[in-house]
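Open your viewer and get ready to click along. We will select a few pieces in turn and look at what sits around them.

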Amino acid sequence: MTIARAAQHEVDAIAPLFDAYRVFYKAASNLQASHNFITERLARDESVIFLARDGNNAAIGFVQLYPSFDSAQVQRIWILNDLFVDPYVRTEGVGAALMAAAERFAREDDAVGLTLSTAVNNHVAQRLYERAGYVRDEVFFVYNRMF
C-alpha cells in the first residue's frame, strides 16, 4: 500500500471513493457531482486529500482535510472531514495509515491539531479514532443549521 497527497490528475480515482463515502452517509449516489466537487476543492486549493493505493495501484481509500483555525490557540487546525476505505480492504490497516498521513501533514504544517466528527452509530470509525489518540469531546455540543 502507498499513501500520497493527491494531485488534480487523480480526481478520476478519488471520485468513486468519495461517492461511496457520500452514499455511506445516506446521500444519493452522484458520481458526476462527486467528481466536480473533488475537482473544485483541489483546483481551488481548498482541501488536502491523501489517497491510498494497493499494490496494483488501485485507489482503496482517502482522507480529506479542510483548513480552519483555532481562535483560542491562535493557530491553524485541520478538519479531518472525510475518511473512506473500500469495504473489501477495511481490515488491512488502510484507515489507520490514512489517519497517520493526516497527522504527519498537520504536524508539518505546524497546526495545533486535527478535529473530526462522525456519526453516533459509526462505532467502527470511533474505535479507529480512539486507537489513533483522538478524544471524544465531552465539553461542547455541536449545532448545525442546514439550508
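Start by selecting Leu51, which stands opposite Phe62 in strand S3. Now show all of S2 (residues 48-53) and S3 (residues 59-70): the two run antiparallel and are joined by six bridges. Strands here are DSSP E runs of at least two residues, helices are H or I runs of at least four, and both are numbered from the N terminus. This is a predicted model, where local features need pLDDT of at least 70, side-chain atom pairs count only at pLDDT 80 or more, and totals for chains, interfaces and linings use all residues. Residues are numbered from 1 along each chain as its sequence is written, and side-chain values use heavy atoms, leaving out hydrogens and water.

Zoom out to the open sheet, whose five strands follow the order S1-S2-S3-S4-S5 with mixed pairing (strands pair if DSSP finds at least two bridges between them). S1 (2-5) and S5 (114-115) are at the edges with a single partner strand each, so one side of each has no neighbour in the sheet.

Next, pick Leu98. Which residues is Leu98 in contact with, leaving aside neighbours within four places in sequence? Among them are Ile3, Phe50, Leu51, Phe62 and Val85 (contact means heavy atoms within 4.5 Å).

Finally, colour the largest nonpolar core: of its 24 residues, Phe50, Val63, Leu65, Trp78, Leu80, Leu83 and Leu98 touch the most other members. Such a core is a set of buried (under 20% relative accessible area, 1.4 Å probe, protein chains only) Ala, Val, Leu, Ile, Met, Phe, Trp, Tyr and Cys residues joined through side-chain atoms within 4.5 Å.

Technical notes
Buried means under 20% relative accessible area, exposed over 50%, partly exposed in between (1.4 Å probe, protein chains only).
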